[in-house]
Amino acid sequence: MYVLGVDIQVLTKRGTIRFTRVNMVEIVSSAKVISDTATIKMPTTARLERQGRFITEVDTARVFNVGDEIAINLGYNGDLQEEFYGYISRIKPSTPLEIECIDGTWTLRRKNLKASFKKTTLKSLLNFILEGTGISLKGDVPGVNFTEFYFKNVTAATALQKLKDDYGLTIYLKNFNELHVGLSSYTDGTVVKYGISENVIDNDLEWVNEDDTRIKVKAVHIRPNNTKVEKAVGDLDGETRTLFFYDLDDPKQLETLALQELRKYKYTGYKGGFNTFLLPLVQVGNVARIRDIHFDERGGDYLVDKVTTTFGTEGARRKIELGIKVSI
């Protein structure tokens, strides 16, 4: 029998406060945004314990402060895993009390950037953004060169999101202080196994055939001077995917590379997502290996694009949304 458990620890000015009962927890992690978020709903009064001993009943809204560090641990039978670590970003004194949290990018939202660069690289810009934040750079950073680049009084978090959006990068935080940066198909190589009718509870997966999939790839070449050249390939009336390329010696390569990338998005396989349990642990950037005992030929590996974890009085679930099909 599996018994769900929750352990929330908040580092306040008065010390660490721990809660083991909540109404609801939701944690959202996506490859499309740089920040993971968490929302906690709990009673307006709670039983306060230190070292496992009851102290008093407290007004929970008065216990927390914006900026307090918070850790959320979830699991079964006392074996709890850290699912989120970050900072309290907002407190809503409603009934039940609602606490909004954001991951380590909290520090990036408090650092302002105003600088200009000549002949620099993407990696140098990223290191400048992260300097003094306690966050380290990870991943296979693309070798992008710029003849000039400006930060015009923006936060470090805004700068990262703009780099992500403008240059088609995958940028997200893992393990609280590791910023992973790569191309749109970046994966950390960790494989998590799922079986239809096994540890998949329900799903909205759709099996699509390559010949029936209509995709348009808009390929964008970013020159060192930040000007762009665009080329569209595929089905012009299809779903658009924008991909970015850098430092091409011959601009004619753009169409060839775009056609190669088109094959990644135009495949026979699953699209959509599914619901599963807390175990196995899965994160954005992992690869979901899916198999169906009734259709062996439908097995395949897919990039994990988004994970939404919920915990509450009715149980715990993970909603996993798939990205492109990959080869591991």
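Two strands pair if DSSP finds at least two bridges between them. This rule applies to the predicted model shown here.

**View 1. Strands β18 and β20 run side by side in the parallel sense.** Strand β18 covers residues 215-222. Eight bridges link β18 to β20.

**View 2. Three strands make an open sheet.** The order is β19-β18-β20. The pairing in this sheet is mixed. Strands β19 (228-234) and β20 (239-246) are the edges. Each edge strand pairs on one side only. On average, neighbouring strands are turned by 20° against each other, direction ignored.

**View 3. Helix α3 packs on the sheet.** Helix α3 spans residues 156-167. It touches β18, β19 and β20. The direction of α3 makes about 105° with that of β20.

**View 4. Helix α4 has 13 residues.** Helix α4 spans residues 253-265. From its first C-alpha to its last, α4 reaches 19 Å. That is close to the 18 Å expected at 1.5 Å a residue.

**View 5. Helix α4 has a buried face.** Which residues of α4 are buried? They are Leu254, Ala258, Glu261, Leu262 and Tyr265. Seen down the axis of α4, these buried residues fall within an arc of 115°, so they line one face of the helix.

**View 6. The buried residues of α4 pack against several strands.** Among them are β18, β19 and β20 of the three-stranded sheet. The buried residues also pack against β21 (269-271) and β25 (315-326).

Notes. Residues numbered from 1 in each chain as written. Predicted model: local features only at pLDDT ≥ 70, side-chain atom pairs only at ≥ 80, totals over all residues. Heavy atoms only, no water. Helix = DSSP H or I, 4+ residues; strand = E, 2+ residues; numbered from the N terminus. Axes fitted to C-alpha atoms, helices over the stretch in contact; angles between N-to-C directions. Contact = heavy atoms within 4.5 Å. Expected span 1.5 Å × (residues − 1). Buried < 20%, exposed > 50% of the residue type's maximum accessible area, 1.4 Å probe, protein only. Arc of directions from axis to C-beta.
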